[in-house]
Amino acid sequence: MHRSMASLGASTPSNTDEIIPQIKAQEYTYTRSTFTSAPTKKADLKKTKIPFIISTTILPINEQPVKRVESIPRCKDCKAYLNTYSEVIPPGYKWRCSICRVINDSPTPLHSYGGSLRVFSPSENTENNKRVSTNPILTESILEFVSPSDRNTPPPASLVFVVECTPESIEKGTFSTVLRQVNEALEYLNDPHERATMSIVLVSSVVELVRLNEDTLVVDTISEIDGSLPMLMDTEYVSKIKDLKSALPEKIAQIEAYALQTVRQPGNNFGLSLKLVKALFHRGAEVFAFMVTQPSLNPGAITKPAPGLRPCISFYENTAQSLLESNIAVNLYILTAKTVEVPSLLPLVEKTGGYIRYYPAYMGHYSQDIEALRWDLVQHMSLDNGNNVYCRVRASNEVSIRRYWGMDVQNDGLIRLARLSRGKTVSFEIDYDDDLVLEGLTVQIATIYTNSIGERVVRVLNFIIGLGPTAIDILGVVHGIALKSLDAEISQKGTGVKTALRMACEATECTGLQGNMSVFPTLIHGLIKSKVFRSASSDLRGIIYWALLEQPMKTVDAMIYPTLVRLDTDVDASETDEIVLPSPMRLSGNVVGADGVYYLDCGILAYVFIGGSSKSDLFEGVQGRSTISSQDKKCEKIRTIMDYMIDGRVSDPVTYIVHQEGHSFLLEGLQAMLLDDGPSPVSAAFPEYYNRFVSKGYIK
């Protein structure tokens, strides 16, 4: 049993400083559940006080090639696909569905291995199927096939760059930087058939549409919409990237000159730009929105702070739903020194399947900030994401799915996204309708999407949760408590920490704190110290909230309890040339010496700390946000370590270089992530929190 798994009642004492790194070394490619073996009785599940939450990444970043088949038979009753956990009934012309257990006919024999099972057992089924069959449908848990009903060529990918060109954006150099970095990143666009198109929309107090197909620069201005939208033809503003590539640098230079020469009134009309995108792109698009200031003009003006994590206006939620109907996804790049009220903008990302990147105090003239944006764009554009996505989760008949995180679900259980990003993780909570007379709970996630080469692909992901003696995944439980606590924080600001502590203490009444569970209070301590529950800026809280819901599971684990390693030691190699990481250290300032160089991985953020008496010349003269490149020989070692630690993430964490004698705000940011030090929301120090935790003092 892996260290991240714990059987209830385990009593082996262990060193907590050793357990946490071993637990966090567990790999999660596709799925994770709070229970690795769940109770069979509904009452017993309730007694554990642990939510039954499953998280899944449908399109992981670094997955092995998925086996393809021509097609997969479906159950006549529940429409689930035949899979490795289904029972083949002798002599092989019938099969029992793993979800609803209805018996289905097979036109050709599948296989025959003996008599039918007394109790439905998905684990025994897959063992038998793999022993006697070579059919991938019966031996593989993940399969793909090209949809036979979607043979028409889908529309090409359409990229829409919505770039803020307010006076503030121009003055800080952000406007010019964005245009130039978009041009460079397009070289890495995952577009094998070179069919993709692009458009550029400028946003200030008005919205301007650039006619990219004209020989000279032509810009159409729209300042308001009265009634219906004006008659606009998308062909006037859309250009094929392949045809535009050689002329794009000159075109961008013309746009820069135009923006600099035009007198602009204050104000950000971002809402109007979204309505125009909706009007122009009827067959789908992916919006890259670069924002510097808060939307201040109607439609979509944000005139007051968001109440906690809830949007302060409904405009962007309604607009997101409208965009989704046209298969338009929205990605947000927040490049600002001020607050743009991310919680109010988040529905654009959540509902459409986009992503968000946050660069506080961004300076367009600063070379490190320029490179950070370029590298992020390159990483995102090179991915093979899914577009025009439909998804459905099915689970054994005796259970229901009571709650989803990371996606919106229609009344019939169908999930719709304009875009399914690589690494996007969704979670759902299982509830028992009755006691389970099974030997395993089966879950199937079927997703249909368009890939980068235009195929309409159906991916079927199957997995089981064992039933019997109860065992849990400790990181999965902490993640599940985090999701439930975020729900509480949205309902009422300030209740997230209370919910996390109450749920954690209740869970330990059943699990105890022996063995691997001895680190559970420490992990919960990391969770409640997260800035999503503290008096941080609404933008930062919104970003963390979104990441905890949708980022890959390993990223979430690093956000809850970061990993600290020392860099100025030799990186040894094993006999097989496998990289051996420096040993993770306790998250305390007491272990960070002035003579060392350290790397702190916080999931979506990372810090490199250079001590005042360190002999290292790494990042000499560099402070703040930086990109660590393997092309720099000095950084080769740290990049090797970093690549290993962030493997499976969509993009690099936003990385800050911190010198001991440098800027105090950078040091404060680093120190806030050293979770074993300083006060928490409920205590002055960790021992005080821990003593109250083990005495169940947080249960109310």
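Predicted model: local features only at pLDDT ≥ 70, side-chain atom pairs only at ≥ 80, totals over all residues.
Local features need pLDDT of at least 70 and side-chain atom pairs pLDDT 80 or more, while totals for chains, interfaces and linings use all residues. Residues are numbered from 1 along each chain as its sequence is written, and side-chain values use heavy atoms, leaving out hydrogens and water.

Q: Is α6 roughly parallel or oblique to α12?
A: Helices (H or I, at least four residues) and strands (E, at least two) are DSSP runs, numbered from the N terminus. Helix α6 (residues 174–185) packs against helix α12 (residues 367–381) at about 40°, with the axes 9 Å apart; axes are lines fitted to C-alpha atoms, for helices over the stretch in contact, and angles run from 0 to 180 degrees between N-to-C directions. Angles under 35 degrees count as roughly parallel, over 145 as roughly antiparallel, 65 to 115 as roughly perpendicular and the rest as oblique. The angle of about 40° therefore makes α6, relative to α12, oblique.

Q: How many nonpolar residues are in the contact of α6 with α12?
A: Contact means heavy atoms within 4.5 Å; Thr-177, Val-178, Gln-181, Val-182, Glu-184 and Ala-185 in α6 meet Ile-370, Leu-373, Arg-374, Leu-377, Val-378 and Met-381 in α12. Ala, Val, Leu, Ile, Met, Phe, Trp, Tyr, Cys and Pro count as nonpolar, Asp, Glu, Lys and Arg as charged, and the others, Gly among them, as polar. By these classes the contact has two polar residues, two charged residues and, as nonpolar residues, eight.

Q: Which residue in β20 is the bridge partner of Thr-56?
A: An open antiparallel sheet of four strands has the order β2-β4-β20-β18. Within this sheet, β4 (residues 53–57) and β20 (residues 425–432) run antiparallel and are joined by five bridges. The partner of Thr-56 in β20 is Val-426.

Q: Is Phe-533 buried or exposed?
A: Phe-533 is in the loop between α15 (520–528) and α16 (538–550). Beyond its neighbours within four places in sequence, its contacts include Leu-486, Val-497 and Ile-528. Buried means under 20% relative accessible area, exposed over 50%, partly exposed in between (1.4 Å probe, protein chains only). At 10% relative accessibility, Phe-533 therefore counts as buried.

Q: Where does Pro-91 lie?
A: The peptide bond from Pro-90 to Pro-91 is cis, with omega near 5°. Pro-91 itself lies in the loop between β5 and β6.

Q: Where is Pro-299 found?
A: The Asn-298 to Pro-299 peptide bond is cis, and its omega is near 5°. Pro-299 is found in the loop between β14 (285–291) and α10 (315–325).

Q: What is the relative accessible area of Lys-79?
A: Lys-79 is not a glycine, yet its phi is positive, about 70°. This residue lies in the loop between β4 and β5. Lys-79 is partly exposed, with a relative accessible area of 43%.

Methods:
Pairing = 2+ DSSP bridges.
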